[in-house]
Structure formats: structure tokens, C-alpha cells
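Subject: Handing over the structure

Hello,

Here is the structure I promised to pass on to you.

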Amino acid sequence: MKKMNKDTTIILRASEADKEAIQEEAKELGMSMSSYLLHIAKHKQVNIVPGGRELTEALYKLYETLSRLERYPILPVTEVKDTLHKGIEKINSAMEEGK
Amino acid sequence: MSILKFENRTPRSLSEMQAYMFDTDKTSPDAVFGIGIDENYAAEQMEFVQRMWYREDLAHEYIQVIFAFDVDIPLPISMIVRICREIGYALISDQRQVLGAVHYKDTDKIHCHYMINYVGMDGSLYRQNHSIYFYRMAVDKILAQYGLNPICSNTEIGMRQAS
């Protein structure tokens, strides 16, 4: 992913209705208005992964649990982690293709 | 004295930083760890979280922190990794992915690199919510539990270099 320093400004005039619609869209996605508009301008669409954010939180907790269980060799922790990552790779690829 | 440094510059990408941290001339697989992440796929999994929150075009994708132990640490690597993991938790105040790697080969001072995802699990951006002094005190508390020297202040480092 490219890193970009935001060191310039765009001023945009819009109707009140348009502004509210953009604000609402951005809010639903958990983005600021400017982030939303920049995202659309760059990617032409917003790819939504239903449950994606809940998944990230669940994965975080799962990895924490797995790291504690690594001390028990009988548990297939590595296999579980590999399986989890395959799922993440799949979603990452789908979002890449969606661009 | 130990050293704790928050690195402002992040010229490397996530994957480049991971590759640097995993350098086998500096570390080994058992000296690398993840917090809330699979350390072997840290860059991809951090990008995944950034994607879920539409935070793909960040000026800084991660925060880099370096913790260096004092010289001649009489502890096995496994214990050092454990201490570094505890320090990793002290560096974050919310659920946030962290990759840690202890560089112990070919170095005078064993040190740990931390790569902290700029985007947390709740989509929030990393803000150094506490002062450097706060983090220093939290790390000193961990070091004291293991009978290790606390962190140098910048003043103390300057005085040492001057003498």
C-alpha cells in the first residue's frame, strides 16, 4: 500500500442534500467524509465485507488464545493459524480483485 | 541502562519492515512473536485490518518502537522474548496488532523491534495516548520484576555521550 502525505486541500461546494447523503454514507462505513470521498475517487467503489470488522476483532482474540496454547505441543496451533490465514488471504484477494 | 525509542520515520512498507525484523542474521523464528496476530503473516494481516476500516492510504501504516536492553543481559533468549512480549503489551492501550522481533545475533545490545499497526481493531488510529514518560514507567515496572536496569532518559544518554 502506498503511503501518501496529505499536504494539500480540496474545497468542494455541494447542496445540503448531497452533503447529508455523503455524510450518511460515510457514517455507515465508519469513515470521515473526506476519507469516503477520497476512497471513492481512487477506487470507484467501496467494497464491503459483511461482518468483516467483527471478524477482525474475533481473530485478534483467537490469536491471543492460540499464542497461550502454543506451549502445549499436542494442540495443532500451527495448523489452526495456517487455516485462519488462508481465510484472511481469500478476503484480501477478493478485495483486491474488487478494486 | 535500557533504551526505549519511538521511531517517527517509517520508510519501509509493512512487508519490508517484517522482512527486516525476520532477518535470520539478526534473529531466529523463536525470537519473533505476535500480539493479536500470526507473526508469520503480520504484514498481510495488518493490511487486512486496515482494509476492513478503509484505512489503506495512510502516511504511516505502522508505528515502530525499539527497546534495547542494557549490555550483558544474563538471561536466556526465551526469557528475553517473554519480557519483550510483556513490553509489547505495555506499548498499546487498546486492541492493536503488534509484531515483535528480538535481534540478538551479531549485536552489542540485544534489542527488540516492534511494528504496531497504526489501525486498531476498532478502526482507531494509533495515538500516543500517553506521554513517553508513561510508557517508560510502564516498561521500567516490567524490567524491575526481572531485576533489570531501567530505561535511560534522553538527558542521561546525552550526559553519557558527552563524558
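In chain B, G34(B) stands opposite L99(B), a residue of strand β4. The strand that pairs with β4(B) here is β2 (residues 32-35), and the two run antiparallel over four bridges. Two strands are said to pair if DSSP finds at least two bridges between them. Strands (E, at least two residues) and helices (H or I, at least four residues) are DSSP runs, numbered from the N terminus.

Before going on, please note that this is a predicted model: local features need pLDDT of at least 70, side-chain atom pairs count only at pLDDT 80 or more, and totals for chains, interfaces and linings use all residues. Residues are numbered from 1 along each chain as its sequence is written, chains are lettered from A and ligands numbered from 1 in the order in which they are written, and side-chain values use heavy atoms, leaving out hydrogens and water.

Back to β4(B), which covers residues 98-103. Strand β5 (residues 111-117) of chain B is joined to β4(B) by six bridges, again antiparallel, and G100(B) has Y114(B) of β5(B) as its bridge partner. How many of the residues of β4(B) are buried? Six of six are, where buried means under 20% relative accessible area, exposed means over 50%, and partly exposed lies in between (1.4 Å probe, protein chains only). Both faces are covered, with V98(B), G100(B) and V102(B) on one side and L99(B), A101(B) and H103(B) on the other.

Stepping back to the whole sheet, five strands of chain B form an open sheet in the order β1-β3-β5-β4-β2, with antiparallel pairing. β1 (3-7) and β2 of chain B stand at the edges with a single partner strand each, so one side of each has no neighbour in the sheet. From one strand to the next, the twist averages 15°; angles run from 0 to 180 degrees between N-to-C directions, and axes are lines fitted to C-alpha atoms, for helices over the stretch in contact. β1(B) pairs with strand β3 (residues 62-68) of chain B through five antiparallel bridges, and K5(B) has I66(B) in β3(B) as its bridge partner.

Now the helices. Helix α1 (residues 14-21) of chain B lies across β3, β4 and β5 of chain B, at about 160° to β5(B). α4(B) lies across β1 and β3 of chain B, at about 140° to β1(B). Helix α3 (residues 77-90) of chain B packs against helix α4 (residues 132-145) of chain B at an angle of about 155°, and their axes are 10 Å apart. Among the residues that make the contact are I83(B) and I87(B) of α3(B) and V139(B) and I142(B) of α4(B), with contact meaning heavy atoms within 4.5 Å.

Lastly, D122(B) sits in the loop between β5 and α4 of chain B and is partly exposed, at 48% relative accessibility.

Best wishes
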